[in-house]
Amino acid sequence: MPKSSVAKVISSEYSERVNPLQRVARNPTVYRWLVLRGRATAESLESLLRFLSGGRVGVLDLADLPNVQITTSGRKTGLARTATVQYVADGDGLVLVGSNWGREHHPSWSANLKATERVIVRRRGERFVAKVRLLTGEERDKAWATVLAHWPNYQIAQARAGGRLFRLFLLTPTG
């Protein structure tokens, strides 16, 4: 094999490597276990890491999974509420899935997003304001297909949600 071909193969091999934690998280068997038994541990570890790093690093960051921190006013208290959420890029926007680990109720952050038009987003050191839109109908179906193409494990959580349809939000950065 010519040297340039070897270099291409090696380069291709390294570029396709996945963070070991991401490989574990993407495994359907492991994800099912996380949903059933590991949620509390993952949430506690997330809180601890965010506290120790001043909000810069969390569990999803360690696994190199795309995530954002969203901050909005609580719909009842009016106090600032921040949540770390995995996202899927879709065109110029970010799709957030209110999976809540497959529990039968929606996550509180999704109720806060549903009650607002704008949210502050932090992603890898970048901070911006985004317009919030709850997706419905065909638009939601299309976004759900995109989400599953990027993170098939959401189907596992959806099957456990007791008939609750996950809320999908599109965040679009404002000027």
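**Aromatic pairs in a predicted model**

Let's start with one side chain: Trp109 is buried, with a relative accessible area of 15%. Keep in mind that this is a predicted model. Phe169 is buried too, and its relative accessible area comes out at 0%.

Now zoom out for a moment. The protein chain has seven helices and six strands, and from the N terminus on they run α-α-α-α-β-β-β-α-β-β-α-α-β. Of the 175 residues, 37% are buried. If you take the contacts between residues at least 6 apart in sequence, 63% join residues at least 24 apart.

Searching the whole structure turns up two aromatic pairs. Trp109 and Phe169 make up a tilted one, at 6.1 Å centre to centre and with 55 degrees between the planes. Trp109 sits in helix H5 (residues 108-114) and Phe169 in strand E6 (residues 167-173), so this pair ties together parts that are 60 residues apart in sequence.

Then there's Trp144 with Phe166: the ring centres are 6.0 Å apart and the planes meet at 80 degrees, so the pair is edge-to-face. Here Trp144 belongs to helix H6 (residues 137-150), while Phe166 lies in the loop between helix H7 (154-160) and E6, so parts 22 residues apart in sequence get tied together. Both Trp144 and Phe166 are buried.

Conventions: Residues are numbered from 1 along each chain as its sequence is written. This is a predicted model: local features need pLDDT of at least 70, side-chain atom pairs count only at pLDDT 80 or more; totals for chains, interfaces and linings use all residues. Side-chain values use heavy atoms; hydrogens and water are left out. Helices (H or I, at least four residues) and strands (E, at least two) are DSSP runs, numbered from the N terminus. Buried means under 20% relative accessible area, exposed over 50%, partly exposed in between (1.4 Å probe, protein chains only). Contact means heavy atoms within 4.5 Å. Rings of Phe, Tyr and Trp (its six-membered ring) pair if their centres lie within 6.5 Å; planes under 30 degrees apart count as stacked, over 60 as edge-to-face and the rest as tilted.
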